[in-house]
Amino acid sequence: DAESDTETVKKGLDAYAAVGTLIGGILLFLGIGWLGDKFFNTSPWGIVTGIIFGAIVGFYQFVRIANKDD
């Protein structure tokens with residue numbers, strides 16, 4: 001049935017979006033932390049903080065996308 005195929009594809013795309021958001025959040029804040037380390041000479045604390053904060057934000061967005069109801 002065409003509707004169930006469409007729904008399957010949509011759920012698959014939602015899963016990719018959730019994982020991409022999680023990874024993207026970590027990489028974004030990792031980059032911000034790295035820049036902070038370069039400018040303020042605080043290595044490795046900017047990177048560590050960036051990874052932790054990115055994981056928190058990314059995981060929050062992951063859960064939001066994974067739990068959304070249409």
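Among contacts in the protein chain between residues at least 6 apart in sequence, 63% join residues at least 24 apart. The model is a predicted one, and its secondary structure consists of two helices and zero strands. The radius of gyration of the protein chain is 17 Å, well over the 11 Å that the globule rule gives for 70 residues, so the chain is more spread out than a compact globule. Along the principal axes, the C-alpha atoms occupy a box of roughly 60 × 15 × 10 Å. Buried residues account for 16% of the 70 residues. The accessible surface of the chain amounts to about 5,400 Å², and 70% of this area belongs to carbon and sulfur atoms.

Helix α1 spans residues 2-40 and includes lysine 10. The side chain of lysine 10 meets that of aspartate 14 in a salt bridge, with a distance of 3.5 Å from N to O. Because lysine 10 and aspartate 14 are four residues apart in helix α1, about one helical turn separates them. The count of salt bridges comes to one.

Trp34, Leu35, Phe39 and Phe40 make a nonpolar surface patch of about 520 Å². One of these residues, leucine 35, is found in helix α1. Its relative accessibility is 41%, so leucine 35 counts as partly exposed.

The description now turns to the loop between the helices. Asparagine 41 lies in the loop between α1 and α2. This residue has a positive phi of about 55°, although it is not a glycine. With a relative accessible area of 70%, asparagine 41 is exposed, because the value is over the 50% that this class requires. Proline 44 also has its place in the loop between α1 and α2, the latter helix covering residues 45-66. A cis peptide bond, with omega at about 0°, joins serine 43 and proline 44.

A pair of aromatic rings is described by the distance of the centres and the angle of the planes. A search of the whole structure finds two aromatic pairs. Phenylalanine 29 and phenylalanine 53 form an edge-to-face pair, with 4.8 Å from centre to centre and 85° between the planes. Phenylalanine 29 lies in helix α1 and phenylalanine 53 in helix α2, so this pair ties together parts that are 24 residues apart in sequence. Phenylalanine 53 is partly exposed, with a relative accessible area of 42%. Phenylalanine 59 and phenylalanine 62 form a stacked pair, at 6.3 Å centre to centre and with 15° between the planes. Both phenylalanine 59 and phenylalanine 62 lie in helix α2, three residues apart, which is about one turn of the helix. At 26% relative accessibility, phenylalanine 62 counts as partly exposed.

Notes: Residues numbered from 1 in each chain as written. Predicted model: local features only at pLDDT ≥ 70, side-chain atom pairs only at ≥ 80, totals over all residues. Heavy atoms only, no water. Patch = residues over 30% accessible without salt bridge, like charges linked within 9 Å, V, L, I, M, F, W, Y side chains within 5 Å. Areas by Shrake-Rupley, 256 points an atom, 1.4 Å probe, with all protein chains shown as cover. Salt bridge = Lys/Arg side-chain N within 4 Å of Asp/Glu carboxyl O. Buried < 20%, exposed > 50% of the residue type's maximum accessible area, 1.4 Å probe, protein only. Rg over C-alpha atoms; globule rule 2.2 N^0.38 Å. Contact = heavy atoms within 4.5 Å. Phe/Tyr/Trp six-rings, centres within 6.5 Å; stacked < 30°, edge-to-face > 60°.
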